[in-house]
Amino acid sequence: MPNGYEMCWLDYKKHCDVDKNELSKWFSYICLFDPTDEFQVVKEELAIFVTDFLGFRPRFFKVFPKQGRHVLIGKLSDLPVEVNLDEQLSEEGFVLKYVKKQDAEFVIITGISAAGVLYGTFEFINRVRVGEDLRKLNVVSNPKIKLRFLNHWDNLDGTIERGYAGKSIFFSNNKILLNQRTKDYTRLIASIGINSVVINNVNVRHAALKLIEPAYLKRLSQLAQLFQRYGIKLFLSVSFASPIHLGGLDTADPLDERVKKWWKEKVKQIYDYIPNFGGFLIKADSEFNPGPHMYGRTQADGANMLAEALEPFGGLVIWRAFVYNCQQDWRDYKIDRAKAAYDIFKPLDGQFADNVAIQIKYGPMDFQIREPVSPLFGGMEKTNQILELQITQEYTGQQIHLCYLGTMWKEILDFDTFSKGNNSFVKRIIDGTLYGRKNNGIAGVANIGDDPNWTSHDLAQANLWTFGKLAWDPDEDVKKIVEEWIKLTFGDDELVVRNISYMLLNSREVYESYTTPFGLGWMVNPGHHYGPNPEGYEYSHWGTYHRANWEAIGVDRTSRGTGFTLQYHEPWRSIYDDIHKCPEELLLFFHRVPYNFKMKNGKTLLQNIYDLHFEGVEKVQEFIKLWDELEGKIDAVRFSRVKKKLQLQLEHAIEWRDVINTYFYRRTGIKDEKGRKIYP
Ligand code: GCW
């Protein structure tokens with residue numbers, strides 16, 4: 001750890017069982033065709049890799065060799081050999097290919113752009129590390145999703161909203177950090193194909209309001225340059241009320257000419273400093289942030305005004321759909337927070353400018369461990385859409401609990417909205433194919449901080465890795481993604497791969513089982529959102545109620561209740577509407593259900609809740625057993641770090657189990673059939 005932190009899957013010293021002598025033959029002579037000098041970072045990466053992995057410094061040549069084995073790198077148009085492609089290459093895509101030419105053998109890394117070649121280099125390194133036969137290399141890979149975003153919720157004082165892995169790597173004491181770690185961060189995320197980054201919190205407060213002032217723009221331009229070398233664009237979260245805070249205006253009304261003019265000048269100034277600036281991410285009219293509703297204008301009025309300012313420079317407006325009334329009265333049974341985003345945005349479909357994309361949280365509420373997929377995805381055919389996921393584990397165990405999210409994300413991506421008949425999957429909306437739109441994407445709220453291992457829980461690195469992999473290719477198999485990560489991170493010992501992949505792939509269901517059941521959500525301590533509190537949000541203004549009484553629980557969101565189910569296309573509308581057809585894992589999201597309701601396994605709802613909570617704790621015990629089997633097979637530092645997390649998880653899972661079971665027992669007076677300990 002020369003710099004005081006580790007490099008996750010990019011630690012090239014960790015390795016699988018490969019013949020390094022054989023491999024060295026390929027790397028002693030690397031041919032790099034780089035007429036416009038764009039491949040500095042490719043060279044650097046290969047140099048780090050060969051030095052750390054094979055133990056010598058590679059040399060780079062521009063002369064085409066006639067014999068021997070070589071790595072050959074360059075843009076497709078610059079290569080001295082012809083590469084036949086089975087598939088068309090897109091701008092960021094790459095090719096890895098073995099070619100034999102007379103007495104020489106080559107593994108070729110190529111693409112159309114420098115970014116493509118860089119992605120190819122990372123992929124090539126990964127394949128070498130897991131021992132793939134280089135003579136069989138034949139890969140054409142194009143990213144399916146255009147905008148692959150990380151959103152950081154970092155504040156300028158160095159804190160991170162919903163961050164569980166230390167302090168910000170971007171900001172400290174209201175200053176922008178730019179150091180070796182920034183560069184290594186950039187390497188890490190470029191290696192998983194991220195091409196867009198928002199570095200600051202969507203809640204733009206205090207010093208962050210001034211990020212778009214010259215005092216910060218200068219340094220931001222250096223950061224943007226670093227990002228650019230790795231194919232990444234810098235975006236900023238800005239306040240909709242900036243014309244008031246920074247421009248001295250008395251309004252931020254998007255239709256006011258002075259406001260429009262102010263933004264146009266501001267955007268021009270930003271591009272003077274940062275010519276490749278990506279654009280703005282906006283949280284407007286949401287949780288006390290200003291927005292167009294304050295002036296009686298629509299979300300489209302607000303977004304389009306900014307879009308007009310950014311358009312001449314090719315900039316984008318990423319506008320969040322997380323708009324709802326957070327000042328609700330719990331006594332009001334008519335209003336349903338789940339309906340808000342659709343109600344507000346659906347009528348505006350078709351009104352947003354082409355350089356606006358609406359960023360939609362995966363579920364209609366807020367990143368719970370189980371929610372239905374937001375109906376808004378199927379509701380806006382004429383609008384660019386970005387799917388927002390939370391990599392940081394706000395409601396999913398805060399990087400204390402093992403909770404691998406790839407399995408959940410896969411379900412979301414594979415969800416069929418039926419908006420244009422069968423196969424109208426979310427992944428086909430955000431890859432642009434279903435609605436034929438251009439500026440679509442996927443965004444993950446980052447789970448990293450300045451902890452030595454970046455994510456606090458070592459196994460939470462798998463979430464970041466998986467996010468990148470699914471953003472590149474939402475059709476990729478999660479099991480494969482997980483196994484590759486394990487091999488690159490912990491090596492390829494069979495037991496290591498088997499146990500860790502079992503733990504990861506089952507962890508979401510396990511976490512779900514001992515926390516809130518059947519899509520109910522919440523039940524957490526208010527504010528920090530950690531630990532069980534069955535009525536933590538029951539009488540608050542946030543609109544997140546379960547309304548448990550002595551005989552039933554859940555909110556009726558059917559056509560007979562709040563009408564939320566009507567926002568879905570058929571057949572979902574009818575399926576969710578019917579208590580007997582509704583997928584059971586979402587039962588309490590859609591229905592108000594008596595505790596003695598018979599579920600498909602013949603047991604009552606309540607007995608299922610009890611059972612799941614007991615079983616969940618047992619599964620955590622099993623995880624600990626599986627982890628213990630790996631002692632000595634992975635390094636002691638990470639072994640014991642994860643062990644400690646698992647022990648804490650067990651302790652806290654027991655707390656969840658007992659609090660939730662006791663809550664229901666006290667509400668209902670119904671005993672556990674199996675007579676296990678529930679506190680009276
Ligand atoms: O879930 C809530 C979080 C807030 C967050 C907000 C959002 C950044 O508790 O911390 O604010 O969502 O997504 O805007």
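Before going on, a word on the source. This is a predicted model, where local features need pLDDT of at least 70, side-chain atom pairs count only at pLDDT 80 or more, and totals for chains, interfaces and linings use all residues. Residues are numbered from 1 along each chain as its sequence is written.

Back to the strands. Strand S1 (residues 30-33) runs parallel to strand S3 (residues 68-75), with 4 bridges. Two strands pair if DSSP finds at least two bridges between them. Helices (H or I, at least four residues) and strands (E, at least two) are DSSP runs, numbered from the N terminus. In general, strands of a sheet pair through backbone hydrogen bonds, either parallel or antiparallel.

Now the whole sheet. It is open and has 6 strands, ordered S2-S1-S3-S5-S4-S6, with mixed pairing. Strand S2 (60-61) and strand S6 (138-141) are the edges, each pairing on one side only.

Next, the annotated residues. Which residues does the UniProt annotation "active site" cover? The record, an unreviewed entry, lists Glu287, Asp366 and Glu394. UniProt positions are in the numbering used here, feature names are shortened, and annotations may be inferred rather than shown by experiment.

Asp366 sits in the loop between strand S14 (356-361) and strand S15 (384-390). Is Asp366 buried or exposed? Asp366 is buried, because 21 other C-beta atoms lie within 10 Å. The cut-offs: buried is 20 or more other C-beta atoms within 10 Å of a residue's own, exposed is 12 or fewer, partly exposed is in between, and C-beta atoms are placed from the backbone.

Glu394 is in the loop between S15 and helix H10 (406-413). Glu394 counts as buried because it has 23 C-beta neighbours inside 10 Å. Leaving out residues up to four places away in sequence, Glu394 touches Arg162, Phe367 and His529. Contact means C-beta atoms, placed from the backbone, within 7 Å.

On to the ligand. Residues around the ligand include Trp153, Arg162, Lys283, Glu287 and Asp366. Around means a C-beta atom, placed from the backbone, within 6 Å of the molecule.

Last, Lys438. Lys438 lies in the loop between helix H11 (426-430) and strand S16 (441-445). Lys438 is exposed, because 11 other C-beta atoms lie within 10 Å. Asn384 is 54 residues from Lys438 along the chain, and their C-alpha atoms are separated by 6.9 Å.

Technical notes
Contact = placed C-beta atoms within 7 Å.
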